[in-house]
Amino acid sequence: MLLYLVYAIIGAALVLLGADKLTDGSVGLAARAGMSEMVIGLTVVAFGTSLPEFIVSLLAAVGSDDAATALSVSNIVGSNVFNTLVIAGVSAAVCPIAISRTTVNKDIPLCIMASVVLAALALDDVMSGGSTRILTRGDGIALLGFFAIFMAYTFSLAQKDKPAEADADAQSTQPMSATRIAIYIVLGLGGLIGGGQLFVEGASGVAREAGVSEAVIGLTLVAGGTSLPELATSIVAARKGQSALAIGNVVGSNLFNIFWILGACSCITPLAVIGLTPIDFGMLIASSLLFWLFARSSYKLSRWEGYLMVTVYIAYLAWLIH
């Protein structure tokens, strides 16, 4: 167990270092490309920080039994709840986050829709009276179709971005060379992915030795561990004043997780939905709704709202453990 603890500590340190470099590189990329930090967060940063979830879910999807493939779904559900309540919440607690009208009116509603779609596809026995809960290859194709629509929307948003309209923080940043940007992004992603895998291996090893079930591990430790890149990146971005990057990372990661990761994995092999209840999917939808309501109230996340979101997650975690 001591070795697993060492893995977890080293992994967490690598994640923090990688987040710092990825944030600097992403801000530099936004400044050079004349695009907003929100678009960079929705694409480059979201894709990079979602790679740990993709790796874990992909490896689980090619497992030989339903228990292994079930980890793919529980990992994504747990990661998205963690992303919304903990990452957005902690980022706001560190520094209140301003949220644009476009994000409130379009991006966050997309997350709500994605959560509803996943719940409808996964809960076959509840929604259509089926006897099993499974994400079929047909479901995967549908999710990938939604992903294509999301990417088309994001690229159209990027086309509308003009240098003069880019975030003020990005415009005031000293120009960074393309080589330095590439090095920072590659090193940052390397630290995030490698550190995240080490942390997941260490934390999951400790949990398994303690007799924790695979479903709970997927919803908590694996989900939280694979979300460490998003957490570290959003906190660092919030501390540096890049609020759009922090929010874009959360929103983009959630959409990548459901539409791309589960879509691709269920196309490879049908994914069993085991150990997840309607309450878990209800929490997935409720967390996005809470995020949207707070953001819509004043187009920002205040510190007290951030603390409340984290408290909701702690209560959910306590229910899972109980």
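1. Tyrosine 299 is placed in the loop between α12 and β4, the latter covering residues 300-301. The model discussed here is predicted. With a relative accessibility of 24%, tyrosine 299 counts as partly exposed, because that class lies between the 20% limit for buried residues and the 50% limit for exposed ones. The backbone of this residue deserves a remark: its phi is positive, at about 55°, although tyrosine 299 is not a glycine. For context, most residues other than glycine have a negative phi.

2. Helix α12 comprises residues 278-298 and helix α13 residues 303-321; their axes come within 11 Å and cross at roughly 175°. The two helices are therefore roughly antiparallel, since angles over 145 degrees are counted in that class. On the α12 side, the residues that meet α13 are Ile279, Asp280, Met283, Leu290, Phe291, Phe294 and Ser297. Their counterparts in α13 are Trp304, Glu305, Leu308, Met309, Val312, Tyr316, Trp319 and Leu320.

3. Glycine 89 belongs to helix α3, which covers residues 66-94. The relative accessible area of glycine 89 is 0%, so this residue is buried. Which residues does glycine 89 contact, leaving aside its neighbours within four places in sequence? They are Thr84, Gly306, Met309 and Val310.

4. Along the chain, 174 residues separate serine 79 from serine 253, while the distance between their C-alpha atoms is 9.3 Å.

5. Valine 251 is a residue of helix α11, which runs over residues 243-268. Valine 251 counts as buried, because its relative accessibility is 0% and the class requires a value under 20%. With neighbours within four places in sequence set aside, valine 251 is in contact with Leu42, Asp107, Ile108, Cys111 and Phe291. The C-alpha atom of valine 251 is separated by 9.4 Å from that of alanine 88, a residue 163 positions away along the chain.

6. The surface includes a nonpolar patch formed by Leu2, Leu3, Leu5, Val6, Ile10 and Leu14. Together these residues have about 530 Å² of accessible area. Leucine 3 is placed in helix α1, which spans residues 2-33.

7. Some totals complete the description. The secondary structure of the protein consists of 13 helices and four strands. The protein has 322 residues, of which 53% count as buried. Among contacts with a separation of 6 or more, 84% are between residues 24 or more positions apart. The protein exposes about 13000 Å², and 68% of this area is supplied by carbon and sulfur atoms.

Methods: Residues numbered from 1 in each chain as written. Predicted model: local features only at pLDDT ≥ 70, side-chain atom pairs only at ≥ 80, totals over all residues. Heavy atoms only, no water. Patch = residues over 30% accessible without salt bridge, like charges linked within 9 Å, V, L, I, M, F, W, Y side chains within 5 Å. Areas by Shrake-Rupley, 256 points an atom, 1.4 Å probe, with all protein chains shown as cover. Salt bridge = Lys/Arg side-chain N within 4 Å of Asp/Glu carboxyl O. Buried < 20%, exposed > 50% of the residue type's maximum accessible area, 1.4 Å probe, protein only. Contact = heavy atoms within 4.5 Å. Axes fitted to C-alpha atoms, helices over the stretch in contact; angles between N-to-C directions. Parallel < 35°, antiparallel > 145°, perpendicular 65-115°, else oblique.
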